[in-house]
Amino acid sequence: MSITATELKSNLSKYLLLAATEDVFITRNGKTIAKLTSPYQNKLGIVDSLYGSIPSDITLEEAREERLDKI
């Protein structure tokens with residue numbers, strides 16, 4: 001769900017409750033500036049979504065170095 005910062009200010013309690021079940025993206029001038037999310041979200045789901053993002057034939061340190069080289 002995406003809402004404006006003004007909407008968040010007007011209905012903070014509503015969106016705090018909603019953030020327990022889904023991510024709430026806050027926008028200002030059409031750009032996302034923040035995200036409300038539950039601190040208790042499924043950590044295994046996050047790990048599963050990241051699985052495979054680093055090739056299995058390199059180490060974590062090598063992946064970090066590659067990333068820094070691209071910046």
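Student: What is the order of the strands in the open sheet of 3 strands?

Tutor: This is a predicted model, in which local features need pLDDT of at least 70, side-chain atom pairs count only at pLDDT 80 or more, and totals for chains, interfaces and linings use all residues. Residues are numbered from 1 along each chain as its sequence is written, and side-chain values use heavy atoms, with hydrogens and water left out. Helices (H or I, at least four residues) and strands (E, at least two) are DSSP runs numbered from the N terminus, and two strands pair if DSSP finds at least two bridges between them. The pairing is mixed, and the order is E1-E2-E3.

Student: Which strands are the edge strands?

Tutor: An edge strand here pairs on one side only. The two that do so are strand E1 (2-4) and strand E3 (31-36).

Student: In what sense do E1 and strand E2 pair?

Tutor: Strand E2 covers residues 24-28. Ser-2 stands opposite Phe-25 in E2. E1 and E2 are joined over 3 bridges, and the sense is parallel.

Student: Which residue in E3 stands opposite Thr-27?

Tutor: Thr-27 is found in strand E2. E2 and E3 pair in the antiparallel sense over 5 bridges. The residue opposite Thr-27 is Thr-32.

Student: Is Thr-27 buried or exposed?

Tutor: Contact means heavy atoms within 4.5 Å. Not counting residues up to four places away in sequence, Thr-27 touches Ser-2, Ile-3, Thr-4, Ala-5, Thr-32 and Ile-33. The classes are buried (under 20% relative accessible area), exposed (over 50%) and partly exposed in between, with a 1.4 Å probe and protein chains only. Because its relative accessibility is 13%, Thr-27 counts as buried.

Student: How far apart in space are Glu-22 and Leu-36, C-alpha to C-alpha?

Tutor: Glu-22 lies in the loop between helix H2 (12-18) and E2, and counts as partly exposed because its relative accessibility is 34%. Leaving out residues up to four places away in sequence, Glu-22 touches Met-1 and Leu-36. Glu-22 and Leu-36 are 14 residues apart in sequence, and their C-alpha separation in space is 8.5 Å.
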